[in-house]
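Here are a few notes to go with the model, for someone opening it for the first time. Have a look at the picture, then read on.

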Amino acid sequence: MIVLAFFLSFAAWTALAFAMNRHRRDMGWARATSAQRTVLRTAGGCLLVASLWVCAGHWGWSVGTVAWFGVMTMSALALVLALAFRPRSRRAS
């Protein structure tokens, strides 16, 4: 269950990151339209809620909420490291 919560949280942070034009530009993608940003933000929020639901369903609300914060922290760190690891030669564009 912790792996499912991690991947849901990672997908949420990824959607929220790519709702920002700065991260899209770093990846070499086109600017997002307002409809795309709205969809990505909504999907990110729903995925975070789903991750909380998985943690709370597995551990109960008291421990699950604390575990969810840990899962969110680890998945956000993984995304930040993945975005920062991109080679500089491809970022120049």
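1. Among contacts in the protein chain with a separation of 6 or more, 62% join residues 24 or more positions apart. Keep in mind that this is a predicted model.

2. What is the chain built from? It has 5 helices and 0 strands, so reading from the N terminus gives α-α-α-α-α. The C-alpha trace spans about 45 × 30 × 15 Å along its principal axes. Of the 93 residues, 30% count as buried.

3. Start with α1, which covers residues 2-18. Its 17 residues reach 24 Å from first C-alpha to last, close to the 24 Å expected at 1.5 Å a residue. The buried residues here are Ala-5, Leu-8, Ser-9, Ala-12, Thr-14, Ala-15, Ala-17 and Phe-18. Their cover includes α2 (21-26), α3 (34-59) and α4 (61-84).

4. How do α1 and α3 sit against each other? Their axes come within 8 Å and cross at roughly 165 degrees. That is over 145 degrees, so α1 is roughly antiparallel to α3. The crossing of α1 past α3 is left-handed. On the α1 side, the residues that meet α3 include Leu-4, Ala-11, Ala-12, Ala-15 and Leu-16; on the α3 side, Leu-40, Arg-41, Gly-44, Leu-47 and Trp-59 are among them. By class, this contact of α1 with α3 divides into 17 nonpolar, 3 polar and 1 charged.

5. Now compare α4. The axes of α1 and α4 are 8 Å apart, with a packing angle of about 50 degrees. The two helices are therefore oblique to each other. This time α1 makes a right-handed crossing. The α1 residues in the contact include Phe-6, Phe-10, Trp-13 and Thr-14, while Val-71, Met-72, Met-74, Ala-76 and Leu-83 are among those from α4. Sorted by class, the contact of α1 with α4 has 14 nonpolar, 3 polar and no charged residues.

6. A few words on α3 itself. Gly-44, Leu-48, Ser-51, Leu-52, Val-54, Cys-55 and Ala-56 are its buried residues, and they pack against α1 and α4. Just after α3 comes Gly-60, with a positive phi of about 90 degrees.

7. Is Ser-51 buried or exposed? This residue of α3 has 0% relative accessibility, so Ser-51 counts as buried. Leaving aside residues up to four places away in sequence, Ser-51 touches Ala-5, Leu-8, Ser-9, Trp-68 and Val-71.

8. Ala-76, back in α4, gives another case to look at. Its relative accessibility is 24%, so Ala-76 counts as partly exposed. The cut-off for buried is under 20%. Ala-76 also belongs to the contact that α4 makes with α1.

Terms used: Residues numbered from 1 in each chain as written. Predicted model: local features only at pLDDT ≥ 70, side-chain atom pairs only at ≥ 80, totals over all residues. Heavy atoms only, no water. Helix = DSSP H or I, 4+ residues; strand = E, 2+ residues; numbered from the N terminus. Expected span 1.5 Å × (residues − 1). Buried < 20%, exposed > 50% of the residue type's maximum accessible area, 1.4 Å probe, protein only. Contact = heavy atoms within 4.5 Å. Axes fitted to C-alpha atoms, helices over the stretch in contact; angles between N-to-C directions. Parallel < 35°, antiparallel > 145°, perpendicular 65-115°, else oblique. Left-handed = near helix turned anticlockwise from the far one by under 90°. Nonpolar A, V, L, I, M, F, W, Y, C, P; charged D, E, K, R; others polar.
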